[in-house]
Amino acid sequence: MTLPRETEQEVRARSEKIAGSIIVILGALASIVLWLIVLANGDPIRPFTTDSASVGYALGITFPVICISILATIRLREKKR
Amino acid sequence: MIIVAAVIAELGAFLIAGLVFFGLKKRYGWTVASFFLLGSIVWTTPLETLGISTGSYSYSSFAGSLFPGYQGYFVWIGIVPLWIEMGWFIVSASSFIVFHDVLLPRSKTVAGAVLAGFFAVDLDLMIDPIASSNKLWVWIGPSLSIMGIPLYNYVGWFLMIFLYDIIIWNTVIYFRKIRVLSAVESKLFSIRENVTSVSMGKRATGFLFRMLVFEIFAIFLIKAASMVL
């Protein structure tokens with residue numbers, strides 16, 4: 001008895017899922033690290049502090065990463081269906 | 001101790017680069033993943049070497065701090081730490097997959113490359129201030145800057161990721177004409193059609209040629225930006 005082989009589409013979907021998951025995890029990690037930096041009050045992880053300019057900068061640069069991570073997660077879920 | 005951050009950064013970059021390589025291999029196969037990784041080293045080493053040798057920045061803050069003869073990091077390509085090139089690989093490959101594969105699979109190459117470039121700049125807006133204030137590298141020359149990081153650095157990030165994205169898409173994923181180079185390439189490599197299957201030698205030669213041409217272009221623009229900003 002032979003087992004059914006994966007179609008090319010199935011292989012592609014599986015690879016996309018793995019690659020996409022890695023990227024989303026990386027994005028999420030980057031965001032978490034940055035927020036920890038902000039919350040750590042800048043020391044020993046310089047130069048971020050809790051002053052408004054520093055927090056504003058941190059928010060401004062993490063926002064696109066978080067948005068892209070969310071969008072990528074949604075798109076990957078759509079592909080899975 | 002700050003030296004621990006340097007060791008963690010170096011080892012962590014190798015670990016994450018391994019994960020990203022695994023993702024690329026699963027998605028595109030060994031050939032594309034290997035081109036992408038080795039190409040990242042070839043693509044970034046000249047620019048990094050130029051930046052260090054012209055005194056824009058230095059990677060030697062930790063030299064001699066672990067043991068006698070320690071250069072500041074463990075693995076080097078010439079005067080550039082290898083983990084820096086792994087960092088470029090991580091950012092370029094992540095941006096490439098996010099925009100060309102996941103978010104904009106049916107859009108034009110240039111649109112994906114532009115967004116990948118901006119995404120990379122955004123990532124570097126976090127990476128660079130943290131890394132340089134912890135002395136993983138140190139910016140030396142005076143310049144217009146944000147949080148101690150020269151603005152021309154971000155011009156460089158955009159250009160390098162944008163151009164590498166274009167090269168990978170048109171040379172490694174497919175083998176397509178790049179309009180600005182088509183006059184020369186039609187004679188050198190006889191690229192006439194968009195094809196996916198070409199010999200490894202032709203693909204590698206095209207890859208190196210395009211990296212050389214675009215590298216010169218990028219260095220020229222980054223140098224101009226550093227003089228203006």
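This is a predicted model: local features need pLDDT of at least 70, side-chain atom pairs count only at pLDDT 80 or more; totals for chains, interfaces and linings use all residues.
Visitor: Is H3(B) largely enclosed by the rest of the structure or largely open?

Guide: Here we count neighbours: a residue is buried if 20 or more other C-beta atoms lie within 10 Å of its own. In H3(B), 20 of the 22 residues are buried, so this helix is largely enclosed by the rest of the structure. Take Ser92(B), which has its place in H3 of chain B. Ser92(B) counts as buried because it has 25 C-beta neighbours inside 10 Å.

Visitor: Which residues is Ser92(B) in contact with, leaving aside its neighbours within four places in sequence?

Guide: They are Ser40(B), Ile161(B), Tyr164(B) and Asp165(B).

Visitor: At what angle do H3(B) and H5(B) pack?

Guide: Two packed helices are described by the angle between their axes and the distance between the axes. For H3(B) and H5(B) the angle is about 65°, and the axes are 10 Å apart. H3(B) passes H5(B) in a right-handed crossing. On the H3(B) side you will find Val91(B), Ser92(B), Ser95(B), Phe96(B) and His100(B). These meet Ile161(B), Tyr164(B), Asp165(B), Ile168(B) and Trp169(B) in H5(B).

Visitor: And how far apart are the axes of H2(B) and H7(B)?

Guide: Those axes are 11 Å apart, with a packing angle of about 30°. That angle makes H2(B) roughly parallel to H7(B). H2(B) also passes H7(B) in a right-handed crossing. Residues of H2(B) that take part include Phe35(B), Gly39(B), Trp43(B) and Leu50(B), while the H7(B) side includes Phe207(B), Met211(B) and Ala218(B).

Visitor: Which residues have the most contacts inside the largest nonpolar core?

Guide: That core has 60 residues, and those with the most contacts inside it are Ala93(B), Ala116(B), Ala120(B), Ile161(B), Phe162(B) and Leu163(B). Helix H2 (52-80) of chain A supplies at least two residues of this core, as do H1, H2, H3, H4, H5 and H7 of chain B. H5(B) gives the most, with 14 residues.

Visitor: What is phi of Lys135(B), and what is phi of Met147(B)?

Guide: Most residues other than glycine have a negative phi. Phi of Lys135(B) is near 65°, a positive value. Lys135(B) is found in the loop between H4 and strand S4 of chain B, and counts as partly exposed with 18 C-beta neighbours inside 10 Å. Phi of Met147(B) is near 50°, again positive. Met147(B) has its place in the loop between strands S5 and S6 of chain B, and with 16 other C-beta atoms within 10 Å, Met147(B) is partly exposed.

Visitor: How many helices and strands does the secondary structure of chain A come to?

Guide: Two helices and zero strands. Of the 81 residues in chain A, 22% are buried. Among contacts in chain A between residues at least 6 apart in sequence, 62% join residues at least 24 apart.

Key
Residues are numbered from 1 along each chain as its sequence is written. Chains are lettered from A and ligands numbered from 1 in the order in which they are written. A residue is buried if 20 or more other C-beta atoms lie within 10 Å of its own, exposed if 12 or fewer, and partly exposed in between; C-beta atoms are placed from the backbone. Helices (H or I, at least four residues) and strands (E, at least two) are DSSP runs, numbered from the N terminus. A nonpolar core is a set of buried Ala, Val, Leu, Ile, Met, Phe, Trp, Tyr and Cys residues joined through C-beta atoms within 7 Å. Axes are lines fitted to C-alpha atoms, for helices over the stretch in contact, and angles run from 0 to 180 degrees between N-to-C directions. Angles under 35 degrees count as roughly parallel, over 145 as roughly antiparallel, 65 to 115 as roughly perpendicular and the rest as oblique. A crossing is left-handed if the near helix is turned anticlockwise from the far one by less than a right angle, and right-handed if clockwise. Two residues are in contact if their C-beta atoms, placed from the backbone, lie within 7 Å.
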